[in-house]
Amino acid sequence: MNNWKTILTRRLLAAVVAVAVVASLATYEFARTAKASAAAPAAAPLDDNSVAAILTLDRAMETLAARVTPAVVNVTVTSKPSAQQAGDDSSQDMQQFFAPFGGNPFGGTPFGRHFNQPMNPRERVEHGLGSGVIISPDGYIVTNNHVVEGATDIHVTMSNREVLSAKLIGTDPLTDLAVIKVSGKNLPSVPWGDSAQLHPGQTVLAFGNPYGFQFTVTRGIVSALNRPNPDASDRRKPGEFIQTDAAINPGNSGGALVDARGELIGINTFLISSNGSFSGMGFAIPTQIAEPTVETLIRDGKVSHGYIGIGISDVTPDNAKSFQMSNATGALVTQVEPSSPGGKAGLRTGDVITKLNGQPVTDAGQLQMEVGQKRPGDTIQLDVVREGKTVNVPVTLETMGAASAGASAGTEHGKGRWGMSLGDLSPALRDRMQLPSEVHGAVIEDVQPGSPADNANLQRGDVIVEVNRHSEQSAVDVAQALSNVAKGQDALVLVWSNGGNTFRVLHPTQE
């Protein structure tokens with residue numbers, strides 16, 4: 001019996017030992033497998049020396065953004081819509097320039113409105129938001145006129161979230177600038193820079209409140225300078241806009257565009273896009289226009305712009321020879337209002353303005369900007385190339401009124417030799433076209449595709465008023481003048497279109 005107990009005990013111990021060994025081996029194998037499947041350490045980051053230039057640039061941008069952001073404000077406006085907007089619940093300006101107050105930035109209904117409950121037009125108010133930039137420690141703020149237009153209540157939100165009531169100091173619809181003011185001392189501000197020193201490719205930062213996302217900064221470059229006024233409804237408005245690819249979206253209007261030194265070189269104003277959102281083309285009012293306008297608004301509360309009363313366009317390589325110009329520079333006079341300052345001074349259609357007060361005029365936009373900054377009553381000296389000779393024309397400016405005209409851009413067309421058919425201006429046609437009584441000539445009725453008129457971008461409804469610098473009174477006169485042009489020679493035509501005149505060159509087809 002003792003022997004059996006001994007044998008049984010030994011067998012149990014052997015089994016226990018075997019189980020223990022198997023368990024140990026399993027634990028070891030599991031641990032070994034787990035250790036083998038653990039992730040290998042990641043590659044080391046690049047050392048600071050290899051990316052020193054990028055890190056230095058990042059630190060510089062961080063310093064710049066931290067310096068400017070406190071001087072940028074969120075502008076909240078309560079306003080009454082104009083009569084034109086009263087029946088339009090979705091103003092194009094509101095969509096393009098500033099986002100609905102309280103609205104969902106990803107779509108939805110503005111705060112305070114309920115589904116299926118339209119407002120009573122008599123009680124309707126609009127809420128909008130935009131941006132502004134503080135330019136003085138005592139609280140003067142620059143923004144866009146379209147941000148505060150019609151405002152009954154204006155508040156600004158500072159970068160520290162403090163909300164302040166603001167009062168309207170003055171607006172200038174022509175330049176789309178406005179000045180508001182908050183009470184305060186030692187407020188953060190941004191110094192003016194000189195937009196005349198900008199060059200394409202320079203780094204710029206845009207600050208604002210796009211779609212209600214407050215205190216946003218985007219970085220880009222100066223894409224182009226001196227972009228013309230895109231508003232065909234009013235050619236009096238100066239252009240010379242700064243174009244940038246720094247993201248500018250609805251809500252950025254009135255915000256700051258600054259250079260690498262943190263100087264204010266532009267006021268963000270609009271974008272060009274097929275869907276109303278950023279597409280790489282944002283535009284800002286340069287300080288060449290903004291600074292003197294703002295100073296006048298602060299001093300006087302309004303701006304009176306000087307006015308000549310002429311239509312102008314650029315001298316181009318295509319038409320320079322026709323005006324006996326060796327270079328495509330200057331502002332070409334395309335229209336003169338008879339009783340305007342320019343008309344009284346003796347300016348003529350076809351004159352090329354090359355200097356203003358002794359300073360060169362490079363293009364129509366520059367002349368328009370310079371004259372617009374002059375005061376009514378100022379006398380300016382214009383150097384004009386006329387029939388190949390330079391003459392000096394002094395012009396005393398008057399106050400710009402609603403009826404004054406600015407630079408216009410028109411189009412033209414043709415048949416037969418030049419590819420356009422012409423007709424007379426009947427009283428009924430004049431009335432339908434709302435043609436001024438002083439406009440005479442031939443209306444273009446049809447344009448042949450690929451013809452000289454088509455290549456000159458002439459269109460049906462344009463009116464040819466001059467051929468080779470001679471005024472024409474009828475379709476017969478225009479047709480005869482065009483037929484008298486020697487074969488192989490260009491024809492210079494003055495065309496009335498879209499409320500103004502412009503010169504176009506008709507190049508004959510190769511025969």
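Guide: Let us begin with a pair of strands. Strand β4 (residues 151-157) and strand β5 (residues 163-172) run antiparallel and are joined by 4 bridges. Helices (H or I, at least four residues) and strands (E, at least two) are DSSP runs, numbered from the N terminus. Two strands pair if DSSP finds at least two bridges between them.

Visitor: What holds paired strands together?

Guide: Strands of a sheet pair through backbone hydrogen bonds, either parallel or antiparallel. Here, threonine 157 has valine 163 in β5 as its bridge partner. The hairpin of β4 and β5 has 5 residues between the strands, and arginine 161 takes a positive phi near 75° there.

Visitor: Which way does β5 pair with strand β6, parallel or antiparallel?

Guide: Antiparallel, over 5 bridges, with β6 spanning residues 177-181. Leucine 168 has isoleucine 180 in β6 as its bridge partner. That hairpin has 4 residues between the strands, and aspartate 176 takes a positive phi near 60°.

Visitor: Before we go on, what kind of model is this?

Guide: This is a predicted model: local features need pLDDT of at least 70, side-chain atom pairs count only at pLDDT 80 or more, and totals for chains, interfaces and linings use all residues. Residues are numbered from 1 along each chain as its sequence is written, and side-chain values use heavy atoms, with hydrogens and water left out.

Visitor: How do I read pLDDT?

Guide: It is the predictor's confidence in each residue, from 0 to 100. The protein chain has a mean pLDDT of 80, and 79% of its residues reach 70 or more. Over residues 83-124, pLDDT stays under 50. It also stays under 50 over residues 402-415.

Visitor: Is valine 163 buried or exposed?

Guide: Buried means under 20% relative accessible area, exposed over 50%, partly exposed in between (1.4 Å probe, protein chains only). Valine 163 has 51% relative accessibility, so it counts as exposed. Leaving aside neighbours within four places in sequence, valine 163 is in contact (heavy atoms within 4.5 Å) with His155, Val156 and Thr157.

Visitor: How much of the protein chain is buried?

Guide: Buried residues make up 45% of its 511 residues. The protein chain has 10 helices and 26 strands.

Visitor: Which strands close into a barrel?

Guide: There are 6, in the order β7-β8-β9-β12-β11-β10, with antiparallel pairing. Neighbouring strands of this sheet are turned by 45° against each other on average, direction ignored. Glutamine 243 stands opposite phenylalanine 283 in β12.

Visitor: Where do helices α2 and α5 lie?

Guide: Angles run from 0 to 180 degrees between N-to-C directions, and axes are lines fitted to C-alpha atoms, for helices over the stretch in contact. Helix α2 (residues 52-68) lies across β7, β8 and β10, at about 40° to β7. Helix α5 (residues 287-300) lies across β11 and β12, at about 50° to β12.

Visitor: Which residues of helix α10 are buried?

Guide: In α10 (residues 475-483), they are Ala475, Val478, Ala481 and Leu482. They sit on the same side of α10, because they cover an arc of only 135° around the axis. The arc is that of the directions from the helix axis to the C-beta atoms. The cover over the buried residues of α10 includes β21, β22, β23, β25 and β26.
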